[in-house]
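Me: I would like to go through some labels on this model and ask what each rests on.

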Amino acid sequence: MSRLRRTGVLAAAFVAVALASGCGIRTTSVPVDAGPAPSRVPCSVSGDEVATQTSGMPVQVFLLCGSQLEAVDRRSPLPEEKADGDRVRTASALLTQLLSEPSDGEREAGFSTAVKGPLVVTGGHKGDPADTLRLSRQPEDLTPTSLAQIVCTFARSSAGAGGDTVVLGGPGGYPPHRYRCTAELRERPESAAPTVAAPEPSAS
């Protein structure tokens, strides 16, 4: 290689190194503040929040928190003597709670509800099992999450049919189904609510 060509190659290499060092990303020892790490919602209402609810009958409803259903303690305005033994009254009071917007404390804890109105609950039709509850909309027409909230809230109360189940139907002539509130449903409320063996029709 001639001296002139060798000199040109060396000069080009020098320029390339200079450009690389000038345009590259320089390391720094100064820490970068990326802000606080994201925190998980607590999914737990403080004792002070519950204590402010001083009147009414203690009830428990299932609300959405994160991607799961969590039980929340509330007080229903329904007098205890009227709710005792009356499945429809109890279910109606619980449905009212599910339709209500969460309190400030519940929202801060991460709770929300997917149950939207208009929606009412009544007793069963003639020929239905004795423990049937009928919604003003077909259960299958509700969003999976809202149905999961209703199923678990009813099934875990005196409105249920026992064994963490509730018998639900709609306003039409379709037969009701027995839905079960399972741990899997509470963990994945967007999935279909499981059903068990169809209840026997009432003799009346």
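Me: Why is Asp 164 called partly exposed?
Reply: Asp 164 has a relative accessible area of 32%. Buried means under 20%, exposed over 50%, and partly exposed in between, with a 1.4 Å probe and protein chains only. The value of 32% lies in between, so Asp 164 is partly exposed. This is a predicted model, in which local features need pLDDT of at least 70, side-chain atom pairs count only at pLDDT 80 or more, and totals for chains, interfaces and linings use all residues. Residues are numbered from 1 along each chain as its sequence is written, and side-chain values use heavy atoms, with hydrogens and water left out.

Me: What makes Asp 128 buried?
Reply: Its relative accessible area is 9%, which is under 20%, so Asp 128 counts as buried. Asp 128 belongs to the loop between strand 4 and strand 5.

Me: How do you know that the side chains of Asp 128 and Arg 134 make a polar contact?
Reply: The contact between these side chains is 2.9 Å. A polar contact is a pair of N or O atoms within 3.5 Å; within protein, one must be able to donate a hydrogen and the other to accept it, and residues adjacent in sequence count only if both atoms are side-chain atoms. The 2.9 Å is within that limit, so the pair of Asp 128 and Arg 134 qualifies. A polar atom of the Asp 128 side chain also lies 2.6 Å from the backbone nitrogen of His 125.

Me: Why is Pro 189 called buried?
Reply: Pro 189 has 1% relative accessibility, under the 20% limit, and therefore counts as buried. Pro 189 is found in the segment after helix 7 (183-187). Residues touched by Pro 189, not counting those up to four places away in sequence, include Leu 64, Pro 144 and Ala 148; contact means heavy atoms within 4.5 Å. Pro 189 and Leu 64 are 125 residues apart in sequence, yet 8.4 Å apart in space, C-alpha to C-alpha.

Me: What makes strand 5 and strand 6 a pair?
Reply: Three bridges join strand 5 (residues 132-135) to strand 6 (residues 165-169), and the two run parallel. Two strands pair if DSSP finds at least two bridges between them. Thr 132 has Val 167 in strand 6 as its bridge partner.

Me: What span is expected for helix 4?
Reply: The expected span is 1.5 Å times one less than the number of residues. Helix 4 has 13 residues and reaches 18 Å from its first C-alpha to its last, close to the 18 Å expected.

Note on methods
Helix = DSSP H or I, 4+ residues; strand = E, 2+ residues; numbered from the N terminus.
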